[in-house]
Amino acid sequence: MYFCVLICNAMNYFNNKTIWITGASSGIGRECAVQLSRMPQVSLILSARSVEKLQELHAECVHNGARCEILPLDLEQTDTLAEKTQQAIALFGKIDIFINNGGISQRSLAQETPIENDRKIMEIDYFSGVIITKALLPHMIERKSGHIVAVSSISGCFGFPQRTAYCAAKHAMYGYFEALDIEMRAHAVAVTIVSPGRIQTNISYSALTKDGTAHGKMDEGQASGMSVQVFVKQMLTAISRKKHEILIGRKEVLMVYIYRVFPKIFHIIAGKIKAT
Ligand SMILES: NC(=O)c1ccc[n+]([C@@H]2O[C@H](COP(=O)([O-])OP(=O)(O)OC[C@H]3O[C@@H](n4cnc5c(N)ncnc54)[C@H](OP(=O)(O)O)[C@@H]3O)[C@@H](O)[C@H]2O)c1
């Protein structure tokens, strides 16, 4: 009964909203689109680089009853993103919710990672979201309404080996969107930071290795993570309640609490982590 009320409230929140999702071609972004497309009178804008995957998803969302457009973009091409934002607003005349989700991970030690890789990860995982958000804010502030959802990571809460650049980008994201949340309270624009633990998606396949190629395999930790369907259900419920911060995952999210409350214990445990 309680669960039913939660789902209904979530559906009400998204009713009549236009929602722009980056990273919509796969994993968390794709599942957000699918679950949102089943809610009444939702308009979706789907972005990523893989046009064919976006077209397939578009057909599924329209079949589920949503109004839907695709807006292909490359988050690394940061000089195109302000213009892409204006195109996104023009598609349905407004953006109510921006799910800043597209991103890549990393699998390489700091000393073997060329600085070009660090910059690439910062551009895709951090600067792209900041540029789009800056371009959206005048629109949301003028309407005194809007919701920015930043998909960070538990790697934005503490360090993890073979993820120096990824952790840096997600920590930067965390700081930026937390500060933005406080600034935006005067304008009735909500900000939610989502920090997933390990979720079963393709994120480890596309993770950047030291030579700039994709890792190309499913890591053990990833494979045993939370299902993306369960994760997204919880994420959308938290967004509908305008939560400031949400941590979702399995036992790995406990590390965030241990880090915050018992930092010395965290460092003992972290020293034993097998990096994958
Ligand atoms: N899965 C996890 O365990 C986990 C944990 C913590 C945080 N996260 C975060 O969750 C978000 C979504 O990841 P996921 O797990 O759903 O991974 P995923 O299945 O690999 O999806 C990543 C998405 O990002 C898009 N993307 C990557 N590079 C891009 C670029 N240069 N330009 C435009 N789009 C790009 C991909 O689309 P194209 O390749 O088509 O461009 C894809 O749609 C990421 O920000 C990730 O850091 C995931």
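In which helix is the place of Asp125? Asp125 sits in helix H5, which spans residues 115-143. The model is predicted.

Asp125 is buried but has no salt bridge. Lys170 is the nearest side chain of opposite charge, and the separation is 4.9 Å. Asp125 does make a polar contact with the backbone: its side chain reaches the backbone nitrogen of Ile104 at 2.9 Å.

Lys170 also faces the ligand. A polar side-chain atom of Lys170 lies 3.0 Å from a ligand oxygen atom. Gly197 takes part through its backbone, where a polar atom is 3.3 Å from a ligand oxygen. Taken alone, the ligand exposes 880 Å², and the protein buries 94% of that area.

The shell around the ligand holds 32 residues. Ser26, Ser50, Tyr166, Thr201 and Gln222 are the closest. By class, the shell residues divide into 15 polar, twelve nonpolar and five charged. Three helices each supply at least two residues of this shell: helix H2 (27-37), helix H6 (164-184) and helix H7 (203-206).

Definitions and conventions: Residues are numbered from 1 along each chain as its sequence is written. This is a predicted model: local features need pLDDT of at least 70, side-chain atom pairs count only at pLDDT 80 or more; totals for chains, interfaces and linings use all residues. Side-chain values use heavy atoms; hydrogens and water are left out. A residue is near a molecule or strand if one of its heavy atoms lies within 4 Å of it. A polar contact is a pair of N or O atoms within 3.5 Å; within protein, one must be able to donate a hydrogen and the other to accept it, and residues adjacent in sequence count only if both atoms are side-chain atoms. Accessible areas come from the Shrake-Rupley method with a 1.4 Å probe; for residues, only the protein chains shown count as cover. Helices (H or I, at least four residues) and strands (E, at least two) are DSSP runs, numbered from the N terminus. Ala, Val, Leu, Ile, Met, Phe, Trp, Tyr, Cys and Pro count as nonpolar, Asp, Glu, Lys and Arg as charged, and the others, Gly among them, as polar. Buried means under 20% relative accessible area, exposed over 50%, partly exposed in between (1.4 Å probe, protein chains only). Lys and Arg count as positive and Asp and Glu as negative; His and the chain ends are not counted. A salt bridge is a side-chain nitrogen of Lys or Arg within 4 Å of a carboxyl oxygen of Asp or Glu.
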